[in-house]
Amino acid sequence: MSLDAVLADIAACRACAGELPHAPRPVVMVKPQTRLLICGQAPGRRVHESGLPFTDPSGDRLRTWMGIDAETFYGRPEIGVAAMAFCFPGTSPKGGDYPPPPRCARLWRPQLMAALPDMELTLLVGSHAQGWALGDRAKANMTQTVRAWRDYLPRYLPMPHPSWRNTGWLKRNPWFEAEVTPYLRQRVQAILES
């Protein structure tokens with residue numbers, strides 16, 4: 001199936017209609033030239049409203065980690081975004097967003113990845129993406145998986161979510177920004193320059 005066909009089917013998906021607190025609005029950003037894929041959890045409220053991935057403070061932090069600006073992030077076809085779920089799952093009364101419904105990944109992830117044969121690097125942002133992509137190779141928790149980041153190269157790079165909620169995690173784990181982000185910036189530049 002062509003990428004255009006997969007994206008059209010994703011855009012028309014209403015599999016979770018009636019289960020979400022709003023109308024489904026799938027958000028995905030990939031092109032045939034995509035070689036670096038950012039795979040997070042699911043769109044947040046701001047992304048649901050804008051229809052564009054990472055249009056929030058998390059996106060600002062992610063772009064800083066990547067060493068690029070918003071114009072590059074949204075304007076270069078080599079960079080794509082496809083979360084584990086394409087629609088905003090809603091906000092939990094306990095705070096934060098609900099986790100991505102597993103149905104979305106089962107429905108769309110195999111087709112989407114098959115339509116992106118030139119993928120060089122997938123950023124696995126958070127435990128949901130890490131569990132899906134790494135399976136039994138994922139460690140006991142997100143911190144251990146990210147700490148073992150070299151074990152998953154060159155295809156995958158596990159990362160914490162860039163949410164403000166993880167500011168404490170970043171302070172407790174300074175090795176991430178000292179070791180992982182320089183590597184990430186080098187890979188991003190190599191992909192954009194080749």
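Predicted model: local features only at pLDDT ≥ 70, side-chain atom pairs only at ≥ 80, totals over all residues.
Local features need pLDDT of at least 70 and side-chain atom pairs count only at pLDDT 80 or more, while totals for chains, interfaces and linings use all residues. Residues are numbered from 1 along each chain as its sequence is written, and side-chain values use heavy atoms, with hydrogens and water left out.

View 1. P21 sits in the loop between α1 (3-12) and β1 (36-39); helices (H or I, at least four residues) and strands (E, at least two) are DSSP runs, numbered from the N terminus. P21 counts as exposed because its relative accessibility is 63% (buried is under 20% relative accessible area, exposed over 50%, partly exposed in between; 1.4 Å probe, protein chains only). Apart from neighbours within four places in sequence, P21 is in contact (heavy atoms within 4.5 Å) with P89 and G90. The C-alpha atoms of P21 and T91 are 8.9 Å apart, although 70 residues separate them along the chain.

**View 2. The salt bridge of R76 and E78.** These side chains meet at 3.1 Å, N to O (a salt bridge is a side-chain nitrogen of Lys or Arg within 4 Å of a carboxyl oxygen of Asp or Glu). R76 is partly exposed at 30%, whereas E78 is buried at 12%. The structure holds 6 salt bridges.

**View 3. The salt bridge of K139 and D151.** The closest N and O atoms of K139 and D151 are 4.0 Å apart. K139 lies in the loop between α6 (127-134) and α7 (142-147), and D151 in the loop between α7 and β4 (156-159), 12 residues apart.

**View 4. The salt bridge of E179 and R150.** Here the closest N and O atoms are 3.6 Å apart. E179 is in helix α9 (residues 175-193) and R150 in the loop between α7 and β4, so the pair ties together parts 29 residues apart in sequence.
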